[in-house]
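Here is a friendly walk through a structure, written for someone who likes to know the cut-offs behind each term. Please keep the viewer open as you read.

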Amino acid sequence: MTAKLILLRHGESEWNAKNLFTGWVDVDINEKGIAEGKAAAGLLAKEGLLPDILHTSLLRRAIHTAYLALDGCDRHWIPVKRNWRLNERHYGALQGKDKAQTLEQYGEEQFMLWRRSYDTPPPAIDVDDEFSQHHDPRYADIPEADRPRTECLKDVVARLLPYWEAHIVPDLAEGKTVLITAHGNSLRALVKHLDGISDDAIAGLNIPTGIPLYYELDEDFKPVTPGGRYLDPEAAAASIEAVKNQGKR
Ligand SMILES: O=C(O)[C@H](O)COP(=O)(O)O
């Protein structure tokens with residue numbers, strides 16, 4: 001038996017459009033993001049990939065995109081599990097900063113190290129910074145000392161995999177079609193695990209906004225086809241290029 005898994009990065013957000021580092025800042029999707037969420041619904045319906053359960057982060061852009069994708073294929077009623085472990089990578093002191101300005105100020109090497117290296121986190125954010133989530137009640141369950149103030153991709157893998165094993169794999173094992181709505185870097189962490197991508201090679205992987213990525217998984221929950229399949233490959237290719245070039249004016 002194979003299991004069905006759909007990964008969906010949120011639609012374009014207000015801060016994606018403004019080219020700002022977002023991380024855990026809770027910005028919504030914009031008009032384009034809304035259209036992407038609705039288009040995702042059409043793609044799921046066309047393929048007959050109807051989710052039985054949704055796992056989402058605690059961030060509005062993922063929750064809102066999920067609602068649009070599910071509403072449009074009449075699956076707005078399915079059970080939902082929300083967890084901070086699916087959140088975007090915490091971008092530390094870069095949260096709220098302009099990507100182009102950061103690139104200009106620190107140079108391409110440092111900029112790409114912060115954006116795409118596996119184990120170099122950006123500087124930590126001050127807990128009282130205007131873009132810090134340290135006092136946000138939605139994270140009250142995370143012991144204060146463990147609440148992230150910055151994260152590299154390695155940290156995201158470490159906090160995401162326990163959730164994958166304990167909550168998502170059991171749903172897949174029951175034969176449910178699982179939809180995960182999350183973020184560029186939390187999905188990069190999951191794809192790294194699924195496809196066994198090396199710490200170096202993961203730097204070259206970018207996830208487009210709003211386009212479902214479908215994985216059929218074998219009995220060990222490994223992809224039948226490495227890399228899965230975007231339901232709209234052409235749009236995915238164009239969007240991946242745009243994500244890659246963020247920061248360049
Ligand atoms: O948090 C962000 O700014 C984006 O969602 C992901 O940004 P990145 O592609 O620059 O890592």
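This is a predicted model: local features need pLDDT of at least 70, side-chain atom pairs count only at pLDDT 80 or more; totals for chains, interfaces and linings use all residues.

Residues are numbered from 1 along each chain as its sequence is written.

**The sheet**

Let us begin with the strands. Helices (H or I, at least four residues) and strands (E, at least two) are DSSP runs, numbered from the N terminus. Six strands form an open sheet with mixed pairing, in the order 3-2-4-1-5-6. Strand 3 (80-82) and strand 6 are the edge strands, each pairing on one side only. Two strands pair if DSSP finds at least two bridges between them. Strands of a sheet pair through backbone hydrogen bonds, either parallel or antiparallel.

| Strands | Sense | Bridges | Residue pair |
|---|---|---|---|
| Strand 1 (3-9) and strand 5 | antiparallel | 5 bridges | Leu-7 and Leu-213 |
| Strand 1 and strand 4 | parallel | 5 bridges | Leu-5 and Val-178 |

How many residues of strand 4 are buried? The count is 5 of its 5 residues, where buried means 20 or more other C-beta atoms within 10 Å of a residue's own, exposed 12 or fewer, and partly exposed in between, with C-beta atoms placed from the backbone. Val-178, Ile-180 and Ala-182 point one way from strand 4, while Leu-179 and Thr-181 point the other way.

**The ligand shell**

Residues around the ligand include Phe-21, Glu-88, Arg-115, His-183 and Gln-246, a residue being near if its C-beta atom, placed from the backbone, lies within 6 Å. The shell divides into 3 nonpolar, 6 polar and 2 charged residues. In this scheme Ala, Val, Leu, Ile, Met, Phe, Trp, Tyr, Cys and Pro are nonpolar, Asp, Glu, Lys and Arg charged, and the others, Gly among them, polar.

**Two positive phi angles**

Asn-19, in the loop between helix 1 (14-18) and helix 2 (31-47), has a positive phi near 65° without being a glycine. Asn-19 counts as partly exposed because it has 17 C-beta neighbours inside 10 Å. Phe-221, also not a glycine, has a positive phi of about 60° and is found in the loop between strand 5 (213-217) and strand 6 (229-230). Phe-221 has 18 C-beta neighbours inside 10 Å, so it counts as partly exposed.
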